[in-house]
Amino acid sequence: MSSSKKTSKSTAKPAAKSNIQPKIEPNIDEYIKCPYDESHSLLPGRFAWHLTRCARNNFSSGMVRCPFNNTHVVKPKVLNNHLLNCPNRCDLERFLHPDALPPKEPRPSQVDLVECSENWDDEPPAPTYNPREYSENNLIIRQLVGATPAQRRQFREMERRRFERLNQNRQ
């Protein structure tokens with residue numbers, strides 16, 4: 001009895017190119033520190049959502065929110081100073097006194113009115129469109145919905161006669 005061993009050469013496949021992009025970490029300067037817990041660093045898009053959650057967990061911290069921007073959370077001692085210097089205060093000032101501050105965007109220029117001799121009320125009256133009348137006088141397939149079988153059968157017979165009459169008138 002002879003045992004034959006099969007020898008196999010290990011063929012190493014070349015590494016296939018991967019379409020997976022390396023994960024790019026955002027710049028550390030883009031992160032915002034949580035006012036409730038300095039160890040929380042967040043992206044600006046998640047900041048407002050995080051503040052609601054973190055405020056529930058740290059309700060005893062005594063922090064208050066700015067009335068001009070809900071994402072401004074400060075200590076009560078600093079609130080008065082913040083209210084005077086808040087960058088979003090100008091929105092309230094612009095609302096209360098719209099003419100006192102310059103507008104955010106330039107106002108549109110005044111457009112001169114153009115006189116027109118056309119008066120749509122002087123045009124001849126046009127007849128109104130009646131879909132039932134139009135479909136009765138043209139070769140349009142109609143169907144009766146919500147009727148009993150006997151009423152549908154009678155309607156189909158009336159439609160056959162209407163189609164025959166309309167075809168004879170066209171020829």
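A salt bridge is counted here where a side-chain nitrogen of Lys or Arg lies within 4 Å of a carboxyl oxygen of Asp or Glu. By this rule, the structure holds six salt bridges. The structure is a predicted model, in which local features need pLDDT of at least 70 and side-chain atom pairs count only at pLDDT 80 or more, while totals for chains, interfaces and linings use all residues. Residues are numbered from 1 along each chain as its sequence is written, and side-chain values use heavy atoms, with hydrogens and water left out.

Consider Glu157, which takes part in a salt bridge with Arg160, where the closest N and O atoms are 3.1 Å apart. Both residues belong to helix H5 (residues 149-170), and three residues, about one turn of the helix, separate them. Helices are DSSP runs of H or I with at least four residues, numbered from the N terminus. Glu157 also meets Arg161 in a salt bridge, with 3.8 Å from N to O. These two residues are four apart in helix H5, which means that about one helical turn separates them.

A further salt bridge links Arg142 with Glu136, and its closest N and O atoms are 3.9 Å apart. Salt bridges that share partners join Glu136, Arg142, Glu159 and Arg162 into one network.

How accessible are these side chains? Relative accessible area under 20% means buried, over 50% exposed, and in between partly exposed (1.4 Å probe, protein chains only). Glu157, at 32%, is partly exposed, and Arg160 is partly exposed at 47%. Arg142 is partly exposed with 26%, and Glu136 is partly exposed with 33%.
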